[in-house]
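This short report describes one protein chain.

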Amino acid sequence: MNALQNISILLELAVSILGLLIWLQKKKSYGAFIFLTFLLYMVYDACKLWSLAIPEFILSIIFAVASLSILLAVWKLYKTD
């Protein structure tokens, strides 16, 4: 199971890098939100996987911010002509 979770974290890293490239190279602001979202998902999953001593309240905030961030990214994509 850990192997699958590690692969998932690597996929989140890949998506966050692509979001960063969309933001910096393509100059699309929704790329910043994609980057932030998947970076936070990666942190959240890594904390859970490796049982880091992060309070559950902090992890909940991280997850909520990531969810808000992807909502903003999708909204910006929807509003794009």
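## Surface and burial

The chain has an accessible surface of about 5,700 Å², and carbon and sulfur atoms account for 74% of that area (Shrake-Rupley method, 1.4 Å probe). Of the 81 residues in the chain, 26% are buried (buried is under 20% relative accessible area, exposed over 50%, partly exposed in between).

This is a predicted model, in which local features need pLDDT of at least 70 and side-chain atom pairs count only at pLDDT 80 or more, while totals for chains, interfaces and linings use all residues. Residues are numbered from 1 along each chain as its sequence is written, and side-chain values use heavy atoms, leaving out hydrogens and water.

## Helices

The chain contains three helices and zero strands, in the order α-α-α from the N terminus (DSSP runs: H or I of at least four residues for helices, E of at least two for strands). Its C-alpha atoms fill a box of roughly 45 × 25 × 20 Å along the principal axes.

## Aromatic pairs

Four aromatic pairs are found in the whole structure (ring centres of Phe, Tyr or the six-membered ring of Trp within 6.5 Å; planes under 30 degrees apart are stacked, over 60 edge-to-face, the rest tilted). Tyr44 and Phe63 form a tilted pair, with 5.2 Å between centres and 50° between planes. Tyr44 lies in helix H2 (residues 30-49) and Phe63 in helix H3 (residues 56-79), so the pair ties together parts 19 residues apart in sequence. Tyr44 is buried at 18% relative accessible area, whereas Phe63 is partly exposed at 38%.

Phe38, Tyr41, Tyr44 and Phe63 form one aromatic cluster.

Note on methods. Buried means under 20% relative accessible area, exposed over 50%, partly exposed in between (1.4 Å probe, protein chains only).
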